[in-house]
Amino acid sequence: MMNGLGRQDIDFNTIWKNIADQVYKILTGSQNVSAMFLFEDVYKLCIAQPQPYCEPLYENIKKFFEHHVDQILLIILDTKSDTISEYLKQWKLFFSGCELCNKVIFRYLNLNWITKKIQDKKFGHPPDVYEIQTLGLMIWKERLFFKIKDRVLKCVEILIQKDRDGELVQHQFISQFMESLIKLDSVDKDRTLYLIEYEASYLENTRQFYTRESVAFIASSGISSYMKKAETRIDEEEQRSQKYLNSSSHDKMRRLLHSILIEKHKELLQSECINYLKDEKLDEIYNMYKLLSRIEGGLAPVLETVQKYIQHVGIDAIKSIPDRNNPDPKIYVETLLKIYLQFSSIIKKSFNNDVSFITVLDLACHKIFNQNHITRNTTKSPELLAKYCDMLLKKGNKQHEEIELEEKLGQIIVLFKYVDDKDVFQKFYSKMLSRRLINGTSVSDDIEKFMITGLKQACGFEYTSKFQRMFNDITLSAETNEEFKNHLVKNSLSIGKIDFSILVLTSGSWSLHSQTSSFIVPQELTLCISAFQQYYSTQHQGRKLNWLHHLCKAEAKSFFAKKSYDFQVTNFQLGILLIFNTQDSVSLDDITKFTNLNENELSRTLQSLLEAKILIPKKKDPNNNNNSGENNNNLVDSANNMQPSSTQEYIVNIAYSNKRSKVKVSSSLQKETPLQNEETYKGIDEDRKLYLQASIVRIMKARKTMNHVSLIQEVIEHSRLRFQPNIPMIKKCIEQLIEKEYITRAEGESDRYLYAA
């Protein structure tokens, strides 16, 4: 006999009995066993002389496992109440024992004889031989599991049902059983135990349970409560899936739940949306959104409902605004802003700021803004928006602190993005910004620049380039004034007692109404004007100054009443008032001669001084020269209702009284007149024609040739970010460009154009 691990003559039965006894102890967990000693015994049998005992050893192991599993089956069947607990207990012992046998005790047998047999099988040899662990699991599956599967599966189903009903259960039993099936499936290439015996049953029971529960719950508690219940159930089942199902089943379970709890009731959920919106039930809307967003296409009808509802509410709100033909900009814009903020908040809170719902809000607001009963077929919205901005940005707006004002302007920028005719807003905003800067009535430069930055971000640099140049002119004008004063001091020049300042505005950068009347500058102002003109021409050769007297303003000190007043007036008003320095009464003819104002401008300017009660008509009755306050009021009232004759004379109102020492008389003349508003729209039309012509030339230069329809479509596409051009205007521009020979018609094709280089 040989010593050590060399080939030896051995007694197979004796060694096997020892192996069987020790393996039994391992499989029952009754006693600790040294696996290495058993490994040596197995090794001896595998290399025994004259013939190794590999095959007899394998057959004995197989019979041992079969007998042992049969005994376990009897133990489990004898269990009266806790079948699943006993099954899992025995499974755990058996599986861990098989694992130890496979990796340690019978490792040599696995690596040699069994491996060779498996390879032989690949080449067509029939014997069915498996690794030790696989062998054990196959025996467990065939001789135990299939015989009691209905019993243990029923136990698992009961546990899952109790868990769904809120009872306390041993969760680990369910998950351990599921894992045992997956391990048993590892020995079978079809892996059907988990899928057919467990997953299919689990999903079917789930389907039946929630089909019954959902219908019953809606009938008893209503759809609002059901949404919360469904969300809770889905969350609970997803947590169960993590414990009770393999990861491969999670998506199946999720789809099943969505189908039963949401898909089958989606029409009912979707139909409630309009009621929740009307009643502002934000929590219910959010619950509905969460459920319907889980299924494909679930939100499509909701999106349509929300858009229509926003439009309905918005259009109705606009209809309630008084004076359709001349609405108050503040009421109009704040109504739009209220609608936007209301639904923006709903979308943020109840629709989780979903991009689809933000898009729906944008579409609805765009329609409300551009197609309501006030703005239909007009460009009133951008005009009113610009006028509202002017109200916010003017001094005297005490409703908002700077931070609040920035927030409000930020909201205005959002509304501005919905404007179709952005060129209309640009024109009106430009004119009003011009007035604020010229009159010094802006709240602050920082706030003005904040608004311009917002517009630039929305429409690009070109859109706001004129606005920026206006600010540059104001800055340069301040420097010019300072330099002019230094020039006067340095050269010992005098311009009288007048505190004179000037704004030099770049032609083409400012949106200003044209001067509609000539004007004779009062003698008191000629010295300072000529001095500045002479200074400026020496500093900037080749530049020409055009004086815009209709935009100039002055502060005149009066001494005709009981106390002194400082009147803030326009140059036209000043020109009239200064006449009374040398004359006690002045006729309308004299005022015309001294100022050279045309009839319309003179009427407006004189009327403003009469309404301010600084001037009053002189009574023609020579016997009544008593100009008391009461009589003066009567005279003014009558003057307001009569067209004065050229011989009508006016005097200063020596009974004038005002609580304020500084009186702004120019404000009435600074308001935009209907004629000026009409002039603005004419300017917009002219700008549009030039813009369209430039677009057509650019397109044709790039394309060289285009048919009529394609050119129209591309021009509309080019222009839509600035305004919505109408086709007749585009056609007219095309005809004008043909006349100017920028483009020509192709011979024999009346609907095709060619670019003329």
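Analyst: Contact here means heavy atoms within 4.5 Å. This is a predicted model, where local features need pLDDT of at least 70, side-chain atom pairs count only at pLDDT 80 or more, and totals for chains, interfaces and linings use all residues. Residues are numbered from 1 along each chain as its sequence is written, and side-chain values use heavy atoms, leaving out hydrogens and water.

User: What is Thr335 in contact with, its neighbours within four places in sequence aside?

Analyst: Ala317, Ile318 and Ile321. Thr335 itself belongs to helix H15, residues 329–350. Helices are DSSP runs of H or I, at least four residues, numbered from the N terminus.

User: Why is Thr335 called buried?

Analyst: Its relative accessible area is 16%. Buried means under 20% (exposed is over 50%, partly exposed in between; 1.4 Å probe, protein chains only). So Thr335 is buried.

User: Why does Thr441 count as buried?

Analyst: Its relative accessibility is 15%, so the label is buried. Thr441 sits in the loop between helix H19 (422–439) and helix H20 (445–459). Beyond four places in sequence, Thr441 contacts Leu393, Lys394, Lys395, Arg435, Arg436 and Lys664. Thr441 and Lys394 are 47 residues apart in sequence, yet 5.4 Å apart C-alpha to C-alpha.

User: Why is the pair of Tyr194 and Tyr198 called tilted?

Analyst: Rings of Phe, Tyr and Trp (its six-membered ring) pair if their centres lie within 6.5 Å; planes under 30 degrees apart are stacked, over 60 edge-to-face, the rest tilted. Here the centres are 5.7 Å apart and the planes at 35°, so the pair is tilted. Both tyrosines lie in helix H8 (residues 192–221), four residues apart.

User: What makes Arg436 a charge over the ring of Tyr429?

Analyst: The rule wants NZ of Lys or CZ of Arg within 6 Å of the ring centre and within 35 degrees of the ring normal. The charged end of Arg436 sits over the Tyr429 ring, 5.4 Å from its centre. Lys593 likewise lies over the face of Phe594, at 5.5 Å from the ring centre.

User: Which residues have the most contacts inside the largest nonpolar core?

Analyst: Tyr87, Phe106, Leu109, Phe177 and Tyr198, in a core of 152 residues. Such a core is a set of buried Ala, Val, Leu, Ile, Met, Phe, Trp, Tyr and Cys residues joined through side-chain atoms within 4.5 Å. Helix H6 (residues 132–164) gives the most, 14 residues. A second, separate core has 40 residues, including Leu488, Ala561, Tyr565 and Val663.

Methods
Helices (H or I, at least four residues) and strands (E, at least two) are DSSP runs, numbered from the N terminus.
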